[in-house]
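Here is a friendly briefing to read with the structure open beside you. Take the topics in any order you like.

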Amino acid sequence: MPMLDAATLAAQLRMPHGDHALDVADAMNRSNGGLNQAAIRLLATAAGESVLEIGPGNGAFAPLLLQAANSRYLGIELSTAMVAAGNQRLTSAGLGDRAALRHGDAHALPVTDACVDAALSVNTLYFWPNLAPVLDELARVLRPGGRLCLAFGDATFMRGLPFASTFHLHELEAVERALRISGFRVSAWRAHRETAEGNDGQQREKHFHLLLAHRQ
């Protein structure tokens, strides 16, 4: 991927678009691979479940969410370029009958009430200025007892990233509080630390939080 200035990279991370979209998606998959895998393990999709992912990019990690027998997957993505690339990827992997990406916004999910068993969102909280509307939407579409896994960067770590200067950084305690207000019970927390290449190509000590919550 060509080197992008901080503002351009931030805009691409929020919604990959234009000539850089596919390269940005590949870079995000490399940078976020370990975190995505940790979040998917924590979510622990079971056989027959319906899984929703917010901001899946090109759907590179969807196959991991579909390893359980008869599970089904829907990814909601702001970027039309990622929707097209993701659906092509899923079809090529022979998963087109069980999985799809749709264009949409987490603030108004194109999903009916109480139809989702498990939901996942990795590195998207930074684009939600106010957590409440999105968490309320997720509570709406999840069945009672349904699971939600949120993975996001520690605010102190994120403040050291030049491209994150315009991101909305949420402290762990604030995310836990917002989940409870929206009707979730926080059931697990994990810290995820790794030394790896970031989205800007730099090697860094990374610090993330993973929260698992159940809709009450």
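What follows is a short tour by topic. Please keep in mind that this is a predicted model.

**Aromatic pairs**

- A pair of aromatic rings is described by the distance of the centres and the angle of the planes.
- The model holds five aromatic pairs. One of them joins F127 and F167, with 5.0 Å from centre to centre and 70° between the planes, an edge-to-face arrangement.
- Where do F127 and F167 sit along the chain? F127 is in the loop between strand 4 (116-122) and helix 5 (131-141), while F167 is in the loop between helix 6 (155-159) and helix 7 (172-181), so their pairing ties together parts that are 40 residues apart in sequence.
- F127 is buried, because its relative accessibility is 18% and the cut-off for buried is under 20%. F167 is buried as well, at 10% relative accessibility.
- F157 and F208 make another edge-to-face pair, since their planes are at 70° and their ring centres lie 5.7 Å apart. This pair links distant parts of the chain: F157 belongs to helix 6 and F208 to strand 7 (residues 203-215), 51 residues apart.
- Are F157 and F208 buried or exposed? Both of these residues are buried.
- There is also one aromatic cluster made up of Y126, F127, F163 and F167.

- How many of the residues of strand 4 are buried? Seven of the seven are, so strand 4 is largely enclosed by the rest of the structure.
- L120 is a handy landmark in strand 4, standing opposite E53. In strand 5, the bridge partner of L120 is C149.

**Positive phi in two loops**

- Most residues other than glycine have a negative phi, which gives some background for the next two residues.
- A44 has a phi near 55°, a positive value in a residue other than glycine. A44 lies in the loop between helix 2 (21-43) and strand 1, and its relative accessible area of 46% makes A44 partly exposed.
- N70 is not a glycine either, yet its phi is positive, at about 60°. The loop that holds N70 runs between helix 3 (62-65) and strand 2 (72-77).
- Is N70 buried or exposed? N70 counts as exposed, because its relative accessibility is 60% and the cut-off for exposed is over 50%.

**S79 and its surroundings**

- With a relative accessible area of 1%, S79 is buried.
- Which residues is S79 in contact with, leaving aside its neighbours within four places in sequence? They are M15 and P16.
- A polar atom of the S79 side chain lies 2.6 Å from the backbone oxygen of P16.

Note on methods. Residues numbered from 1 in each chain as written. Predicted model: local features only at pLDDT ≥ 70, side-chain atom pairs only at ≥ 80, totals over all residues. Heavy atoms only, no water. Phe/Tyr/Trp six-rings, centres within 6.5 Å; stacked < 30°, edge-to-face > 60°. Helix = DSSP H or I, 4+ residues; strand = E, 2+ residues; numbered from the N terminus. Buried < 20%, exposed > 50% of the residue type's maximum accessible area, 1.4 Å probe, protein only. Pairing = 2+ DSSP bridges. Polar contact = N/O pair within 3.5 Å; in protein donor to acceptor, adjacent residues only side chain to side chain. Contact = heavy atoms within 4.5 Å.
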